[in-house]
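Please read the points below alongside the model, which is predicted.

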Amino acid sequence: MSEQTSVETGSGSGVKADGRVPAIELRNITKTFGEVIANQDISLNVYRGEILSVLGENGSGKTTLMNMISGIYYPDSGEILIDGEEVLIRSPKDAFRYKIGMIHQHFKLIDVFTATENIVLGLNDGRYDLPAYEVRVKEICDRYGFVLDPKKKVYDMSVSEKQTVEIIKVLFRGADILILDEPTAVLTPQETDRLFNVLRRMREDGKAIIIITHKLHEVLSLSDRVSVLCKGRYIGTVITAETNEQKLTEMMVGEKVDLNIHRSDPPKDSVPRLVVNNLVCKNEDGIEVLKNISFTAMSGEILGIAGIAGSGQRELLESIAGLEKLESGEITYNNPATGAAEDLRNKSPRQIRELGVRLSFVPEDRLGMGLVGNMDIIDNMMLRSYRGGRGLFLNRTDPASLAEKIINDLGVVTPGAKTPVRRLSGGNVQKVLVGREIASAPTVLMVAYPVRGLDINSSFTIYNLLNEQKEKGVSVIFVGEDLDVLIELCDRILVLSSGQISGIVDPRVQPEGITLKEQIGLLMTKKVSGTEETPAGSEESSSAEGKEAAND
Amino acid sequence: MIFQFIRRAVMQGVPLLYGSTGEIITEKSGHLNLGIPGIMYMGAIGGVIGGFFFEQSGANFDLWYIRVLAVLIALFCSLLASCLMGLLYCFLTVSLRANQNVTGLALTTFGVGAGNFFGGSLIKISHADVPTVTLTKTSSCFSAHLKFVDKLAASADAGKCPKILADICSVLFSYSFLAYFSIVIALVAAHVLMKTRTGLTLRAVGENPATADAAGINVNRYKYIATCLGSMIAGLGGLYYIMDYASGVWSSDGFGDRGWLSVALVIFSLWRPNLAIIGSFLFGGLYIVHNYIPDLSMQAQELFKMSPYVMTLLVLIFVSIKEKKEALPPAHLGQNYFREER
C-alpha cells in the first residue's frame, strides 16, 4: 500500500506531462441558488480515454456541477474549457453541440414509444426514416456490447434496458463526453457489471466519461481518477490506483468514519417470531411468484433476503403484511405479549400492523408506496395514526412531535415538518419512511431496499437503526441489493431465486473454495429442482433478467 | 331506404369527425380541451356571420367566382373564430397556467353564449320574422355536389339504369366538398401522428412534456399550434353542420349535443383519427336511427340518442380491461407543464 497518495488540489494547469489536453476542464466554477452555495470554486478535468469518478455525499453538489456541464444550469463564475478552448454552455442544445451527453438519474423516456423512437426524439437530421434509425441503433449496440431490441416499447423494459436507451440516446447524437449521474443506483449487481464493461469499452474507444456515484467499491473498480466533493467544495483529485476506500471516505466526509457494521450476536433467548410454512402465491396472470416458501424469522436477528430484482421479494413481504392474497401456506406469528401463536392468514392488514408487524418498502421511485408526496411529514406520520384521534377531530399533536423527533434523530434535512415530502431529497424521504415504522415499536420490522440511492453516511444511519431494533429483540427482515452489506449486517441470509428459496446462508461461516459473495450470487441464479418450466416473476422483465444473469 | 339512412348517417357523422379529429390533435399535445362544443359553435357562427354580410352586400351569386368567394369568406371567418377560441384556451392554460378542465368547460359555456349573442344580433339586423338566420345562397355553394349523381338518380327513376347503381353512387358521391375534406383531414392527421417526425414530437409532448423539453423540443409552441389547429378543424364541423346539413339555417342552440358527441368519439376511436372516420359514421347512424324505426315512443327515441354514449362507455371499459398502453389517452392529458416544477 503506497503511503504517498498524490492529491492535486486547486485549479492546476490541466495539461498532462505528455502534452495532452483534457477533453473537458472546469476552472473555479461557482454556483449559488439564492443563499445556498451549491458549488464553490470547483476545478476538475477529464481526458479522452479516461473514466473520472465524481464522489461525494448526497447534497455535496455533484449533480449541480454536472448540470452546468450539460447546460441545465449556468455557472455564476468560472470557466469551462473543451479541448483547451473556453466555451459557453447555455442550454442542453449547446451541450449537444460540444458533444456532451448526460444520462440523468431519473430516466426521461416515453413509455409508449419504442427504444428507437425515444432515441431519435428531438433530433432533426433530415428524413424521418424509422427503419434506418433502427439499423443505426443496432450498430451502436453491437459496437459497445449493449443488449437492446430497438423495437421494444419502453413500458416492457427493465430498468437496465431503460438506462441503455438513455445511454444510446446520447451516443446516437455523437456524444464523446459522457456524464452518468448515479447510473448504478437502480441496477442489480449483474447489471452493474454489464454497464461497467460497456463503459470500459467506451473508454477504449476514446470517450471521456464522468461517473457520479457514492459507492466506493464502484469507484475503485471502474475509474482511473477520482475527484471528491464535500458540501459543495472541491476536496481534491486522486489517482484510483493510489487510494483506497478508507482514504476516499475521509476525503468525502471530511472526518474519519467507521465503515464497519457492528454486528452483535443474536441473544441466547431468541425465539421464533414468525413462522412461514409452504407459502404459495400467484400473480394476476396466474403465474406462481412464490413457491413453497418456508422459513422462520427469529426475534433479535436480522434475516437478510437476497435475490435478483423481481424474484418474489416484494410478494413475500406483502404476503406477511397481509397485502397479498395467498394461494396456500401458513404464516404464524408468535405474539410476545400474549405468548399465543396467531395465524396471520385471516387477519386484515390493519390487524397485522397492530400486532407489531411493520413493513417499509422503498420502491424504485422511492415515493410510490408508504408516503404521500404532496403531504408534509406530519401528515405522513398520521397515515399510520389517523385512527387514534378521539371523536370527530384528528390528533395532530402526537404526529407533530413524532415528526420532530424523526427529523432530529435521523438528521432529516428539511426546511420544516410542514414541507411536502416530495420536496425532500431521496435519502431524507427514506429516513422519514423507515423512521416512521421504527417509531411504532414493531416486533417484526420488514424493510426493503431502505438504502436505495442513499449516500454512505445516511446508509450507515439506517444500518445502525436496524441494528438497534435487532438488539431490542425485534425480528428484522431486510431485503437488500448490496451483497457486501447483506453479508456484514445480517445474521442469516435467505436467497430467493425465481420465487423459491434456493438456500439459507450463514454469513459468519466462510464457505470452502469460493467467497461468500460468489456463493450467494450462485444461489441467486440457481434453478431449484422440481421447478416447472414457467419462470416466475412479478414483473415481466424479471424472468428475462434472471436468464441473462444466469448466462453471465 | 337503407341507402338513404347511410347517407344521412354520414352527413350526421361529418361534424363529429371534424370535432374529434380536431380534439385528437389537441389531446395528443396533452391538452384536454373540453371547450370543443363551444369552439364548434363559434366555428359555425363565424361562418354564418361571414356568409350573412356577404349575402347582404348584394353580390351576384350566379357568377362562379362570387360563389367561390362566398365559400372562402365563410371558411375564413369560421376558421378565424375557432382559432381565436383555441388561442384563448392556450393563453389561459399554457401562459396563465389555468386548470384545463375548468378552462375548457368555461369556453364551452362562453362559445355557446357568444354564438347565440351574435346569432341574435344577425336576426335583429335582418328584421326576420322567425328566430333564425337563413343563408340559402351561401348554403347552396357549400352543399354543391357532383351533378352526375342526380342525373343517375333521375335516369334510374325513369327506368334507364339499375336502381342499385344509382343508390350506391348516391351513398358514395353525393356529399359536398366539406364532407370529403373531413375524411382527408382525418387520414392526413393519422399519417402525420404516426409516421412523421412532427407526429412523434407532438405525441412526446402529450405523453411526457418534461422528456420532450429535455430533448430540446419547444413544448409550449407545440401545445399552442396543435390546440389552435385542432380548434380550427373542429370549427369546420360547426360550419359544415350549418351550411350543408342544416341548409344554411341558423337557430339558437341548434347544434345540439354534437360537440360532446365529438369528445366521446375521441375516446371511442382510441385517439386514432382513422378509427374516428368509421366511428363518426357509426355515431351519426346511431344518432338518427330512431327516425328510421317505425312506431317508436318518445322514450325509446331518447334511448337511441343515448346509444353513442353507451358505446363510448363500453369501449372505455373494454380498453381498461385490456390494459393496452397504446389505447390509453396521452399520459399527461389534462396536466399543465411548467419546467420549474419538480
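**Notes on cavities and helix packing**

1. A search of the whole structure, which is a predicted model, finds 2 cavities of 30 Å³ or more. The largest cavity has a volume of about 90 Å³.

2. The lining of the largest cavity is made up of 15 residues, and those that lie nearest its centre are Thr188(A), Gly307(A), Ala309(A), Gly480(A) and Glu481(A). Sorted by class, this lining has 9 nonpolar and 4 polar residues, together with 2 charged ones.

3. In chain B, helix H8 (residues 177-195) packs with helix H11 (residues 219-245) at an angle of about 160 degrees, and their axes are 11 Å apart. Because angles over 145 degrees count as roughly antiparallel, H8(B) and H11(B) are described in that way. The crossing of H8(B) and H11(B) is left-handed.

4. A further pair in chain B consists of helix H2 (residues 36-56) and helix H12 (residues 258-268), which pack at an angle of about 130 degrees with their axes 8 Å apart. H2(B) and H12(B) are therefore oblique to each other, and the crossing in which H2(B) passes H12(B) is right-handed.

Note on methods
Residues numbered from 1 in each chain as written. Chains lettered and ligands numbered in written order. Predicted model: local features only at pLDDT ≥ 70, side-chain atom pairs only at ≥ 80, totals over all residues. Heavy atoms only, no water. 1 Å grid on protein atoms, 1.4 Å probe; cavity = no way out; pocket = protein on both sides within 12 Å on 5 of 7 lines; lining within 4 Å. Points joined across faces, edges and corners; volume = space filled by probe spheres on them. Nonpolar A, V, L, I, M, F, W, Y, C, P; charged D, E, K, R; others polar. Axes fitted to C-alpha atoms, helices over the stretch in contact; angles between N-to-C directions. Helix = DSSP H or I, 4+ residues; strand = E, 2+ residues; numbered from the N terminus. Parallel < 35°, antiparallel > 145°, perpendicular 65-115°, else oblique. Left-handed = near helix turned anticlockwise from the far one by under 90°.
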